[in-house]
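Open the model in your viewer and keep the sequence panel handy. We will go from stop to stop, selecting a few residues at a time.

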Amino acid sequence: MTEQLRMMAVHAHPDDESSKGAASMAKYVAQGVDVLVATCTGGERGSILNPKLQGDPEIEANLHEVRRKEMDAAREILGVKQAWLGFVDSGLPEGDPLPPLPEGCFALELGEKAAEPLVRLIREFRPHVITTYDETGGYPHPDHIMTHTITMAAFDAAGDPDAYPESGEPWQPLKLYYNHGMSMARIRALHAYLVEHGHESPYGEWIAGWEKEGRKEREFTTRVQCADWFEVRDRALIAHATQIDPDGPWFRVPLDVQREVWPTEEYELARSLVDTSLPEDDLFAGVTADITV
């Protein structure tokens with residue numbers, strides 16, 4: 001008897017799972033992998049970014065519930081399971097100086113307390129592979145950075161019988177990855193292709209901003225071929241209607257161009273308790289499918 005392979009993707013807000021690693025998740029689901037998205041917050045302090053829905057008093061008054069329903073729709077499209085960790089969105093502070101974070105928000109939770117719900121979920125679901133953000137959060141949103149912090153802590157604590165003894169039987173995940181869904185290399189490649197072929201590129205300002213700030217590219221270890229699932233990824237992203245404008249820059253590059261120029265999603269192997277050779281083309285490289293129950 002063998003055990004099904006399992007993967008957990010830990011994200012800060014509803015919609016993050018559809019913009020970071022979604023095509024990879026859909027591919028693994030199609031291959032029979034059990035995939036669970038752990039969503040840290042409800043996104044209740046997020047702005048309504050889709051101009052078509054801005055100013056709607058019903059959405060503004062019920063944003064938390066609206067975003068839950070959007071998450072339900074995206075989950076069904078991707079074919080994944082999903083669980084809420086129950087933390088409160090911290091919002092993205094803006095201004096100079098930055099205002100203090102709101103009391104009781106996710107980013108202000110104490111590390112040990114904040115990691116416990118994720119430890120419990122890991123022990124219940126028993127993933128072999130976990131994905132999340134790097135130490136920068138991918139971009140400096142306090143909830144993304146906190147998501148990294150608790151995932152790193154939970155990866156170690158989940159397998160420790162002395163840690164959180166009231167939170168289930170220990171389970172040690174085998175690999176931990178940082179996802180890089182909007183990598184600089186990918187954006188530069190798409191931009192160059194569009195310009196070369198006489199098309200308007202939505203990425204010029206992004207690249208100019210990166211160059212001005214001297215941003216450096218992260219090193220990939222793992223590229224998952226998932227071009228066949230780009231359409232599924234986009235449908236899941238559009239399901240987050242308050243956050244995503246279907247006529248916005250996310251969708252200005254035709255799928256056939258994306259498939260030709262950059263048919264992969266990239267990851268950075270941060271922790272591994274199994275032997276693997278880099279570079280990889282599979283998040284489960286080194287993890288045997290024949291795991292005795």
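Which residue in β7 is the bridge partner of Asn 179? Select Tyr 267 to see the answer: Tyr 267 in β7 pairs with Asn 179. Before going on, note that this is a predicted model, in which local features need pLDDT of at least 70, side-chain atom pairs count only at pLDDT 80 or more, and totals for chains, interfaces and linings use all residues. Residues are numbered from 1 along each chain as its sequence is written, and side-chain values use heavy atoms, with hydrogens and water left out.

**Stop 1: strand β5**

Select residues 175-179, which form strand β5. Helices (H or I, at least four residues) and strands (E, at least two) are DSSP runs, numbered from the N terminus. Five bridges connect β5 to strand β7 (residues 264-272), and the two run antiparallel. Two strands count as paired if DSSP finds at least two bridges between them. Here you can pick out Ile 130, whose bridge partner in β5 is Leu 176.

Why is β5 largely enclosed by the rest of the structure? Because five of its five residues are buried, where buried means under 20% relative accessible area, exposed over 50% and partly exposed in between (1.4 Å probe, protein chains only). Colour Lys 175, Tyr 177 and Asn 179 for one side of β5, then Leu 176 and Tyr 178 for the other; all are buried. In a regular strand, side chains alternate between the two faces of the sheet.

Next, show helix α6 (residues 142-157) together with β4 and β5: they make a right-handed β-α-β unit. Right-handed means that, with the strands pointing away from the viewer, the path from the first strand over the helix to the second runs clockwise.

**Stop 2: the annotated site**

Stay with α6 and select His 144, which is found in this helix. An unreviewed UniProt entry lists His 144, along with His 13 and Asp 16, under "binding site". These residues are spread over 132 residues of sequence, yet they cluster in space, with a largest C-alpha distance of 9.6 Å. UniProt positions are given in the numbering used here, feature names are shortened, and annotations may be inferred rather than shown by experiment.

His 144 is buried, with a relative accessible area of 0%. A polar atom of the His 144 side chain lies 3.1 Å from the backbone oxygen of Gly 137. Contact means heavy atoms within 4.5 Å. Leaving aside neighbours within four places in sequence, the contacts of His 144 include His 13, Asp 16 and Tyr 133.

Now centre on His 13, in the loop between β1 (6-11) and α1 (16-19). Is His 13 buried or exposed? It counts as buried because its relative accessibility is 6%. Beyond neighbours within four places in sequence, His 13 is in contact with residues including Arg 67, Asp 89 and His 141.

**Stop 3: helix α9**

Finish by selecting α9 (230-239). Seven of its 10 residues are buried, so α9 is largely enclosed by the rest of the structure. Among the buried residues are Phe 230, Arg 233 and Leu 237. To see what covers the buried residues of α9, show elements including α4 (63-78), α7 (184-196) and β7.

Definitions and conventions:
Polar contact = N/O pair within 3.5 Å; in protein donor to acceptor, adjacent residues only side chain to side chain.
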